[in-house]
Amino acid sequence: MGKAIAQSFAAEGAKLILSGRDQERGEKLSDQLSGSIFIVGDVGEASYNESLVDAALENFGAVDILSLNAGILGLGNVVDLSESLWNQTISTNLSSIYLLAKFAIPHLKKQSGTILINSSIAAFKSFPNHPAYCASKAGAVALMKQMAVEYAPEIRVNAICPGPVDTPLLWKSAKAFDNPEEAVADAEKSTLLKRLGQPKDIANLALFLVSEEASWITGTAMTIDGGILNA
Ligand SMILES: NC(=O)c1ccc[n+]([C@@H]2O[C@H](COP(=O)([O-])OP(=O)(O)OC[C@H]3O[C@@H](n4cnc5c(N)ncnc54)[C@H](OP(=O)(O)O)[C@@H]3O)[C@@H](O)[C@H]2O)c1
């Protein structure tokens with residue numbers, strides 16, 4: 001989803017700092033998006049987040065938009081889940097939002113900027129063997145609301161909460177179910193719109209929420225799930 005969002009932002013002329021842990025994959029995307037810069041690192045580390053903000057300031061002179069998409073599942077029930085995987089999941093999915101926002105907000109304020117967090121319907125609903133994931137995603141929504149209140153009116157802060165989207169993460173998530181293939185097919189059937197989401201569906205909403213067209217939207221956690229939460 002981060003890739004699809006980056007592609008749609010770039011198509012509108014955004015200059016991008018791209019982040020991820022995989023140098024080769026990141027550079028391949030950066031080569032496709034003119035003017036973008038990929039910086040390899042772990043979003044759970046404070047110094048990496050600071051370097052992302054510094055790179056935007058040095059290369060582009062400003063930070064207007066944060067789009068936060070990094071996520072891992074940290075599968076395992078509370079009893080079996082290791083403390084280290086719990087910590088890694090909270091660090092990647094939640095602390096990363098605090099860290100990037102911490103370094104970027106003073107600069108976003110000058111630009112009337114915006115923050116868009118990729119949470120999940122897991123913020124509102126439990127899934128088997130997903131306690132760390134669900135807790136991190138609910139935390140992301142709470143942090144979004146907190147920042148929306150604290151930094152209004154200069155900065156708009158919103159979250160998107162996708163349902164099942166056809167990405168590598170969805171298939172990893174399905175492994176937490178007895179029959180993964182069946183779990184994905186069931187998820188697809190359970191959407192009111194009878195299909196999985198595609199990364200482009202999420203990118204379309206992301207582009208709208210960071211645009212001027214959404215200038216009166218802040219503090220919201222918008223589900224984009226083919227209707228599955230209402231099924
Ligand atoms: N797919 C779904 O059904 C679904 C539904 C709701 C919400 N979401 C959320 O949507 C977001 C995007 O997920 P996706 O479905 O597009 O999955 P994905 O293809 O697995 O993408 C997740 C990305 O996070 C990056 N990442 C993970 N840990 C990182 C770390 N420590 N530092 C830097 N980057 C890290 C990975 O990049 P590298 O491997 O290059 O580091 C990867 O590209 C996630 O937050 C996910 O929780 C997904």
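A residue is called buried if 20 or more other C-beta atoms lie within 10 Å of its own, exposed if 12 or fewer do, and partly exposed in between, with C-beta atoms placed from the backbone. In a regular strand the side chains alternate between the two faces of the sheet. Because 7 of the 7 residues of E5 (residues 156-162) are buried, the strand is largely enclosed by the rest of the structure. Strands (E, at least two residues) and helices (H or I, at least four) are DSSP runs, numbered from the N terminus.

The structure is a predicted model, in which local features need pLDDT of at least 70 and side-chain atom pairs count only at pLDDT 80 or more, while totals for chains, interfaces and linings use all residues. Residues are numbered from 1 along each chain as its sequence is written.

Strand E5 pairs with strand E4 (residues 114-118) in the parallel sense over 5 bridges; two strands pair if DSSP finds at least two bridges between them. Within this pairing, asparagine 118 has isoleucine 160 of E5 as its bridge partner. Strand E6 (residues 221-224) also runs parallel to E5, joined to E5 by 4 bridges. Here the bridge partner of cysteine 161 is threonine 223 in E6. Together, E4, helix H5 (residues 131-151) and E5 form a right-handed β-α-β unit. Right-handed means that, with the strands pointing away from the viewer, the path from the first strand over the helix to the second runs clockwise.

Valine 157 lies in strand E5 and counts as buried because 28 other C-beta atoms are within 10 Å. Leaving out residues up to four places away in sequence, valine 157 touches Ile115, Met144, Met147, Ala148, Tyr151, Thr218 and Gly219. Contact requires that the C-beta atoms of two residues, placed from the backbone, lie within 7 Å.

In helix H8 (residues 199-210), the buried residues are Asp201, Ile202, Ala203, Leu205, Ala206, Leu207, Leu209 and Val210. These buried residues pack against helix H1 (2-11), strand E3 (65-68), E4, E5 and E6. At 1.5 Å a residue, the 12 residues of H8 should span 16 Å, and the end C-alpha atoms are 17 Å apart, which agrees. The expected span is 1.5 Å times one less than the number of residues.

In the loop between H5 and E5 lies proline 153, and the peptide bond from alanine 152 to proline 153 is cis, with omega near 0°. Asparagine 129, in the loop between E4 and H5, has a positive phi of about 65° although it is not a glycine. Asparagine 129 counts as partly exposed because it has 18 C-beta neighbours inside 10 Å. Lysine 194 is in the loop between helix H7 (180-190) and H8, and its phi is near 60°, a positive value in a residue other than glycine. With 10 other C-beta atoms within 10 Å, lysine 194 is exposed.

Around the ligand there are 24 residues, of which Gly20, Arg21, Gly71, Thr167 and Leu169 come nearest. A residue is near a molecule if its C-beta atom, placed from the backbone, lies within 6 Å of it. Helix H6 (168-174) and strand E1 (17-20) each supply at least two residues of this shell, and H6 gives the most, with 3 residues. The shell divides into 10 nonpolar, 10 polar and 4 charged residues. Ala, Val, Leu, Ile, Met, Phe, Trp, Tyr, Cys and Pro count as nonpolar, Asp, Glu, Lys and Arg as charged, and the others, Gly among them, as polar.
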